[in-house]
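Hello,

Here is the structure I promised to pass on to you. Have a look at it first, and then read my notes below.

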Amino acid sequence: MGEILVEEYRAETLECVHRGHICGVGSDGAVKYKVGDENYVAYLRSSAKPVQAIPAIKRGMHEKFGFTGKEIAIMAGSHRAEPFHVDALESIMAKTGLSEDHLVCHPTYPLSEPAKEQLVRQYKEKRRIYHNCSGKHLGILSLCKGAGYSLEDYWSPDHPVQREIKETLAYLADMPHEQIAAGTDGCGLPVFALPLANLARVYLKLACPDLIGDAAVRDAVRTITASMNDHGEMVAGTDRICSALLQDRNIIAKGGAKGIYCFGLKEERLAFALKVLDGSEDEWIYIVISILEQIGYKNKATLQRLREQFPAEIKNDNQKTVGYNKAVFRLQSV
């Protein structure tokens with residue numbers, strides 16, 4: 001059942017509870033903090049995107065095609081298809097010679113409501129690059145194009161790029177790739193499931209790449225994570241938690257569908273992976289803020305900015321405050 005992480009009140013009456021698990025690891029990769037089951041197995045979903053970008057950057061595709069920092073960041077992101085996202089995606093296609101027809105992800109409208117409304121008013125059609133995973137797909141396809149791999153089946157688990165992604169994930173997670181469960185993500189690509197402790201180790205190495213022994217992987221991680229911090233708006237979008245957290249250059253963060261969230265802290269050499277069991281994403285920010293407060297995070301300006309940007313109050317359709325969210329878990333030191 002997991003532990004109760006967040007309580008949701010309407011007026012002063014408890015209306016909902018959100019249960020889940022949290023795992024935090026220290027610089028040696030050992031579990032340092034936990035709530036619930038640190039070995040709970042969860043699909044990474046889009047929290048895997050920074051890892052899925054590694055093979056292309058490791059093989060120098062950013063240099064071959066002249067990708068900018070914004071373009072590298074969107075390859076590791078879940079964008080909302082805001083205009084600045086679309087500009088970067090179209091630039092990637094122009095530089096690589098790829099087209100939307102190469103993408104296996106389904107045509108859709110932007111997740112950004114203002115961007116969607118603008119397109120609908122103009123009678124514009126859905127596009128594959130509006131899909132929030134299209135940056136990831138274009139990054140993988142750029143490696144296929146640059147390395148001479150087939151483009152038509154880049155989504156297959158047996159494709160050389162997908163095998164390399166899984167091996168890279170296994171390497172960072174400190175577990176045999178044969179033990180990593182796999183499925184198919186919403187966008188059509190392979191998706192992997194790991195225990196939270198191993199996922200936290202992945203984010204520890206993303207935040208602290210000096211812990212990565214392989215020099216090529218280490219350099220790729222540094223390039224990707226620097227782009228994420230430099231251009232956090234490309235990783236998610238306006239008023240999104242990932243983009244807000246990445247404004248703090250000490251933090252590397254990325255969430256995924258169905259309640260999975262991960263972040264690493266560079267100076268503290270800590271990383272956390274959490275799963276909200278009902279799949280909700282709304283609670284992420286309250287959980288992350290509480291974790292940072294409980295470990296005594298020193299950047300108080302970041303905490304204040306997050307509280308102001310993501311208030312705990314619940315508002316109704318008329319923007320009247322009708323309740324509040326409350327993180328109630330306590331990290332257990334291990």
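In β11, Val6 has Ala327 as its bridge partner. That contact belongs to the antiparallel pairing of strand β1 (residues 3-10) with strand β11 (residues 321-327), which runs over five bridges. Two strands pair if DSSP finds at least two bridges between them. Helices (H or I, at least four residues) and strands (E, at least two) are DSSP runs, numbered from the N terminus.

A word on the source: this is a predicted model, where local features need pLDDT of at least 70 and side-chain atom pairs count only at pLDDT 80 or more, while totals for chains, interfaces and linings use all residues. Residues are numbered from 1 along each chain as its sequence is written, and side-chain values use heavy atoms, with hydrogens and water left out.

β1 also pairs with β2 in the antiparallel sense, over seven bridges, and Arg10 stands opposite Thr13 in β2. These strands form a hairpin with two residues between them, and Ala11 in the turn has a positive phi of about 55°.

Next, β2 (residues 13-25) pairs with β3 (residues 31-35), again antiparallel, over four bridges; Cys23 has Lys34 in β3 as its bridge partner. Five residues lie between β2 and β3 in this hairpin, and Gly29 in the turn takes a positive phi of about 85°. β3 has an antiparallel pairing with β12 (residues 332-333) over two bridges, in which Tyr33 is opposite Ser333.

**Helix α8**

Helix α8 (residues 160-173) has 14 residues and reaches 20 Å from first C-alpha to last, close to the 20 Å expected at 1.5 Å a residue (the expected span is 1.5 Å times one less than the number of residues). Among its buried residues are Val161, Ile165, Leu169 and Leu172, where buried means under 20% relative accessible area with a 1.4 Å probe, protein chains only. What covers the buried residues includes α7 (134-147), α9 (196-207) and α10 (215-230). Just after α8, Asp174 takes a positive phi of about 60°.

How do α8 and α9 pack, and at what angle? Their angle is about 90°, with the axes 8 Å apart, which makes α8 roughly perpendicular to α9 (the term covers angles of 65 to 115 degrees). Axes are lines fitted to C-alpha atoms over the stretch in contact, and angles run from 0 to 180 degrees between N-to-C directions. Leu169, Tyr171, Leu172 and Ala173 in α8 meet Asn198, Arg201, Val202 and Lys205 in α9, with contact meaning heavy atoms within 4.5 Å.

Best wishes

Key
Buried < 20%, exposed > 50% of the residue type's maximum accessible area, 1.4 Å probe, protein only. Parallel < 35°, antiparallel > 145°, perpendicular 65-115°, else oblique.
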